[in-house]
Amino acid sequence: MVADPEELGPNAVLDGPFTTRQLLRLDEALRVADQQTGLTFSVYIGELGTPSRDAAEKLHKQIDGSARAVLVAVSPNQRKLEIVTGNEARKRISDRDAKLAGLSMAAAFAGGDLAGGILSGIDQLASHAGKH
């Protein structure tokens with residue numbers, strides 16, 4: 001769910017926490033994770049509401065083929081991170097694996113590196129899922 005800078009046009013102004021370069025890196029990381037695992041990885045950055053887990057699960061259900069989807073939902077203002085896996089994805093990414101990826105991401109976020117934390121988390125989750 002990362003905006004595609006190419007679709008925005010040459011004069012678009014990105015209003016968000018990422019530079020164009022970071023968006024491209026995130027897009028590439030998601031594409032590679034999808035291809036290597038056969039799962040669908042998505043990222044949501046924004047307010048989640050309360051309780052944040054319920055909001056993240058509702059977002060996850062909106063993903064096509066949600067059973068095979070992994071959603072990383074981050075609300076920087078709320079200081080919340082939720083990783084939601086569908087039924088099929090959960091068979092390959094355990095709760096423990098997701099928690100470890102979440103801890104790694106949280107450490108990067110605490111250091112002020114939102115994009116780097118998400119990139120690291122996607123990579124870790126895809127590694128745990130393995131090749132399809």
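Strand 3 and helix 5 each contribute at least two residues to the lining of the second largest pocket. The legends below start there, and please keep in mind that this is a predicted model.

**View 1. The largest pocket has a volume of about 270 Å³.** Its lining is made of 13 residues, with Pro 76, Arg 79, Ala 106, Phe 109 and Ala 110 closest to the centre. Strand 2 (69-75), strand 3 (80-85) and helix 5 are the elements that provide two or more lining residues. Which element gives the largest share of this lining? Helix 5 does, with four residues. By class, the lining of the largest pocket comprises seven nonpolar, three polar and three charged residues.

**View 2. Helix 5 (residues 95-110) packs with helix 6 (residues 114-129), their axes coming within 8 Å.** The two axes cross at roughly 165°, which makes helix 5 roughly antiparallel to helix 6. The crossing of helix 5 with helix 6 is right-handed. On the helix 5 side, the contact involves Asp 97, Ala 98, Leu 100, Ala 101, Ser 104, Met 105, Ala 108 and Phe 109. Facing them from helix 6 are Leu 114, Gly 117, Ile 118, Ser 120, Gly 121, Gln 124, Leu 125 and His 128. Sorted by class, this contact holds nine nonpolar, six polar and one charged residues.

**View 3. Helix 2 (residues 20-37) and helix 6 have axes that come within 10 Å.** How are these two helices oriented, parallel or antiparallel? Their axes cross at roughly 5°, so helix 2 and helix 6 are roughly parallel to each other. Helix 2 brings Gln 22, Arg 25, Leu 26, Ala 29, Leu 30, Ala 33 and Thr 37 to the contact. Helix 6 meets them with Ala 115, Ile 118, Leu 119, Ile 122, Ala 126 and Ala 129. This contact divides into 10 nonpolar, two polar and one charged residues. Look for Ile 118 of helix 6 in both helix views, as this residue takes part in the contact with helix 5 and in the contact with helix 2.

Note on methods. Residues numbered from 1 in each chain as written. Predicted model: local features only at pLDDT ≥ 70, side-chain atom pairs only at ≥ 80, totals over all residues. Heavy atoms only, no water. Axes fitted to C-alpha atoms, helices over the stretch in contact; angles between N-to-C directions. Parallel < 35°, antiparallel > 145°, perpendicular 65-115°, else oblique. Left-handed = near helix turned anticlockwise from the far one by under 90°. Contact = heavy atoms within 4.5 Å. Nonpolar A, V, L, I, M, F, W, Y, C, P; charged D, E, K, R; others polar. 1 Å grid on protein atoms, 1.4 Å probe; cavity = no way out; pocket = protein on both sides within 12 Å on 5 of 7 lines; lining within 4 Å. Points joined across faces, edges and corners; volume = space filled by probe spheres on them.
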